[in-house]
Amino acid sequence: MKILVTGANGFIGKNLVWQLKNLGYTELLEFDTDSPPEKLVAYTAECDFVFHLAGVNRPEKPEDYRTGNFGFTSELLNLLKKHRNSAPVLLSSSIQAEQDNPYGKSKKAGEELLQSYSEETGVNVLIYRFPNVFGKWCRPNYNSVVATFCHNIANGLPIHINDPNTELQLVYIDDVVEELIRALNGKETRSGEFCAVPIFYMEKLGRIAQLINSFHSSRNTLTVPKVSDGFEKKLYSTYLSYLPEDRFCYPLTMHTDPRGSFTEFIRTPERGQFSVSVSHPGIVRGQHWHHTKCEKFLVVSGRGLIRLRKLGSDQVVEYRVSGEKLEAVDIPVGYTHSIVNEGETDLVTLMWANEPFDPENPDTFALTV
């Protein structure tokens with residue numbers, strides 16, 4: 001199957017092309033603004049499906065909207081007619097087509113042109129009126145407020161909000177691509193006379209900025225987003241894609257003493273805290289118990305012995321653990337517990353607790369196993 005993608009280097013096009021390659025599509029006919037015109041002539045003669053994603057969003061002159069969004073569509077359809085190619089055509093339009101502005105008018109004109117083409121030729125056409133699309137590889141300071149906010153906040157630049165209560169309809173790029181591939185296979189999602197991405201979000205501008213600012217400060221707070229919230233999860237992934245390449249790495253606070261070190265890695269309000277403990281040979285850690293705080297220990301390097309004793313009992317339960325055989329050990333509440341490094345190298349243990357450490361209420365009570 002030969003698939004023509006116009007606007008192949010654009011935001012949606014680039015994401016679509018890479019996913020098509022991931023899925024094993026090999027005959028992709030990629031066309032963009034810097035492609036030689038003769039390529040479009042050849043591609044329209046042999047393609048089996050057209051993703052028409054090319055368009056103009058922010059030209060230098062208002063009249064260029066019509067040239068980019070109507071004129072190029074006309075050229076594309078004329079070439080398909082010339083070659084008598086009845087390949088289905090999918091058009092990337094915009095909800096702005098309902099608005100009385102130069103961009104909206106140009107998008108509406110492109111839609112009408114495609115609909116007339118379908119009536120004349122009988123070719124199957126699919127028109128998607130996309131709302132605000134966000135995700136990786138979207139150009140900041142262009143036509144996406146999410147991309148601009150992510151880029152500016154990630155780079156320590158200011159953002160400007162006229163009305164934080166402005167509500168936006170948004171779709172995530174991966175959901176867009178998934179829907180486009182369904183359309184390629186004849187399983188598009190219809191919404192009246194147009195097609196639509198079934199997963200969308202209604203979010204206020206103020207909340208979007210608040211979330212992105214929280215992502216920026218999360219390296220200090222050690223928090224991660226609420227991944228059960230689909231929008232927050234996708235927005236966080238988008239934000240990370242705008243980090244400067246020299247700032248992917250960030251330091252953690254290592255609490256060191258003669259025994260080794262203890263370092264918190266991630267804190268979450270819903271899923272607890274993750275930490276890394278490093279113990280030198282012969283060191284014993286723990287010797288305490290908890291009322292409600294439960295833990296999981298996973299030794300990833302070295303050899304250790306975990307000992308547990310239920311309060312009021314003399315029976316000690318022991319587990320030998322090693323980085324050579326990864327095993328998680330649950331530490332129940334009401335058991336005093338310890339872990340000792342029995343090896344000749346440092347013992348490295350990944351620890352999870354069901355709540356972040358609170359110095360005002362540590363729920364930790366010293367007691368020898």
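**Exercise 1.** At 29% relative accessibility, is Arg207 buried, exposed or partly exposed?

*Solution.* The model is predicted, with local features needing pLDDT of at least 70 and side-chain atom pairs counting only at pLDDT 80 or more, while totals for chains, interfaces and linings use all residues. Residues are numbered from 1 along each chain as its sequence is written, and side-chain values use heavy atoms, leaving out hydrogens and water.

Step 1. Buried means under 20% relative accessible area, exposed means over 50%, and partly exposed lies in between (1.4 Å probe, protein chains only).
Step 2. At 29%, Arg207 counts as partly exposed.

**Exercise 2.** Which residue meets Arg207 in a salt bridge, and which parts does the pair tie together?

*Solution.* Step 1. A salt bridge is a side-chain nitrogen of Lys or Arg within 4 Å of a carboxyl oxygen of Asp or Glu.
Step 2. The partner is Asp229, at 3.3 Å from N to O.
Step 3. Asp229 lies in the loop between helix H7 (205-221) and helix H8 (230-240) and Arg207 in helix H7, so the pair links parts 22 residues apart in sequence.
Step 4. Asp229 is partly exposed, at 23% relative accessible area.
Step 5. Shared partners join Glu203, Arg207, Asp229 and Glu232 into one salt-bridge network.

**Exercise 3.** Which residue forms a salt bridge with Arg267, and is Glu264 buried or exposed?

*Solution.* Step 1. Arg267 pairs with Glu264, the closest N and O atoms being 2.7 Å apart.
Step 2. Glu264 counts as buried, at 15% relative accessibility.

Note on methods: Helix = DSSP H or I, 4+ residues; strand = E, 2+ residues; numbered from the N terminus.
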